[in-house]
Amino acid sequence: MTTVVALGTAKGVFLLTSDKARNKFEVSPPHLPGEALYSVAIDTRGGRNRFFAGGGSWHWGPQIRYSDDLGATWSEPVERSVAFAEGTDGGPSVAQIWQIQPSTEAEPEVVYAGVEPSALFRSEDGGLTYSLVEGLWNHPHRPQWTPGGGGMCLHTVLVDPRDPNRLDVAMSTGGHYRSDDRGSTWNARNKGIKAVFLPEGQQDVEFGQCVHRIARDASDADTFFLQHHWGIYRSDDSGDTWVNIGGGEVADSGVPSDFGFPVVTHPTQGGTAYVIPLNSDMFRATAEAKCRVYRTSDSGKSWEALSTGLPQDNAHLTILRDAFCHDGQSPAGLYFGTRTGQVFGSNNDGESWSLLAENLPPVLSVRAAAID
Amino acid sequence: MAGGKAVVEAEGTTVRAVVGGIEGVRQRVLDDQGRVRVHVNLFVNGAHIRELDGLDTAVDDGDEVVILPAVSGG
């Protein structure tokens, strides 16, 4: 059993490998050197150990490539595997691959890709070729979605473990949308999430929120945790309604700031989620110059700081939305990377952390898994 | 792309046909809608195609088409 942490960075993919104890990791040389990989994924379904990397060079455009041999070789599609058909209304072109999400075990050949400009693609051949999910592309809200600082990104794709026809996506900006029919129709489900960047009196909107990330609870598939552009939220009804569980209107929530990018749920313990607070949208660095992961174990009623082993002096780090993950094991391995090239890991549910790698390019995406 | 070769011979009567006829080149040089990517420049016999007829620029036997990525990025 090997634990692998895949890093998508601004200059290539790096693979960190360890044994099951996960005390010490070896760092690979860069794969796809020089390319900006905004998304990585590890697909262990169907007897595979397939590593995906999405992104590419500034010059030649983005694409999705995969490796079935731990990064030794990568696919090199002659034709782009994720692309809008010529003549698509509006003349779009895929500008970035923000998310690669394998579906459930029930359909091991299905893989989703969330791209800029706010579109969802689906592969039904294990991630080799992709088709546009037209129901979302043709959504009547589309003309009113606007790009956030990173572009018009569709960055979160969740497939319901009970029914792979139920899909959730999130975009910045646009908000959270759910489909109950495999992507044919979509409804905005953002009730309760305040768009604080809009004028007072106009913040309770149907859509247009700047959702930074959503994660599903380990024990209740109808429960989500959500990090917003200000505000941490939970939904217990599959996103129909949301309640604020951190900062803002919640006094003494325990988090020093409710601004941040990633949110990760524990792989096995329900009601347990992790965030990494940043100072503010104007100062996107770890809050109060301390690098701390905050954990709730009671569905957001309280939060505790996890700081053992993390820098606590002059720590002005930025952790992006896709750069924090777990490895699915118990106790949970947790891993996050920074824009300044550090990677921190915990092998004990976040109780303590260690520096796994440093001096890497900016870390954009992190995924981890135990593989045979 | 192009089998890793820096120089290849290709057929076509326009720049669009030439770049589309080399393995792996079209998807890198052109976007999903067949437009030249922002950071890519194409020259025919030393002249930038934006000074000519763009991708419709005519190409004859022996002409030289150069694909030059701009040195951009961080």
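In strand 8 of chain A, Glu116(A) is the bridge partner of Gln96(A). Strands here are DSSP runs of E of at least two residues, and helices are runs of H or I of at least four, numbered from the N terminus. The model is predicted: local features need pLDDT of at least 70, side-chain atom pairs count only at pLDDT 80 or more, and totals for chains, interfaces and linings use all residues. Residues are numbered from 1 along each chain as its sequence is written, with chains lettered from A and ligands numbered from 1 in the order in which they are written.

Strand 7 (residues 96-102) and strand 8 (residues 111-116) of chain A run antiparallel and are joined by six bridges. Strands pair if DSSP finds at least two bridges between them. Seven of the seven residues of strand 7 are buried. A residue is buried if 20 or more other C-beta atoms, placed from the backbone, lie within 10 Å of its own; 12 or fewer make it exposed, and values in between partly exposed.

Chain A holds one helix and 27 strands. Its radius of gyration is 19 Å, close to the 21 Å of the globule rule for 372 residues, so chain A is as compact as a globular protein of that length. The radius is taken over C-alpha atoms, and the rule is 2.2 Å times the number of residues to the power 0.38. Of the 372 residues in chain A, 52% are buried.
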